[in-house]
Amino acid sequence: MSDTVTLPREKKGTAEEREEKTRRQPPYHVILLNDDDHSYEYVIFMLRSLFGHPVEKGFMMAKEVDTKGRVIVATTTKEHAELKRDQIHAFGPDPLIPRCAGSMSAVIEPSE
């Protein structure tokens with residue numbers, strides 16, 4: 001009987017093989033779309049609540065969505081972007097505007 005023990009060899013891949021396994025997902029933008037049924041106050045409050053944006057940044061984003069029709073509110077992984085888009089859609093109507101029937105709209109798009 002032999003006292004020799006054979007251990008399994010570690011797999012040592014090339015740097016390229018290791019890099020491919022840890023490749024990051026491409027980032028996605030969460031884009032808020034403009035409408036006439038939400039106030040700046042609503043947008044600022046929503047951005048602070050959902051994204052943690054300070055009031056000043058929320059105001060700048062509210063102004064951009066109002067003037068340009070859309071604004072990037074976050075850039076993140078696809079799954080997180082989908083979650084944030086869904087949270088925007090579920091945020092509810094603007095209590096300051098009586099005709100407001102629901103939440104704002106948002107989309108996600110690849111950032112590249």
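**View 1. Helices α2 and α4 sit oblique to each other in this predicted model.** The angle between α2 (residues 40–51) and α4 (residues 78–89) is about 140°, with the axes 11 Å apart; axes here are lines fitted to C-alpha atoms over the stretch in contact, and angles run from 0 to 180 degrees between N-to-C directions. That makes the pair oblique, because under 35 degrees counts as roughly parallel, over 145 as roughly antiparallel, 65 to 115 as roughly perpendicular and the rest as oblique.

**View 2. Here's who touches whom between α2 and α4.** M46, L50 and F51 come from α2, while K84, Q87 and I88 come from α4 (contact: heavy atoms within 4.5 Å).

**View 3. Zooming back out, the protein chain has four helices and three strands.** Along the sequence the pattern reads α-β-α-α-β-α-β, with helices (H or I, at least four residues) and strands (E, at least two) taken as DSSP runs numbered from the N terminus. Of the chain's 112 residues, 30% are buried, meaning under 20% relative accessible area with a 1.4 Å probe, protein chains only. Among contacts between residues at least 6 apart in sequence, 69% join residues at least 24 apart.

**Notes.** Residues are numbered from 1 along each chain as its sequence is written, and side-chain values use heavy atoms, leaving out hydrogens and water. Local features need pLDDT of at least 70 and side-chain atom pairs count only at pLDDT 80 or more, whereas totals for chains, interfaces and linings use all residues.

Terms used: Buried means under 20% relative accessible area, exposed over 50%, partly exposed in between (1.4 Å probe, protein chains only).
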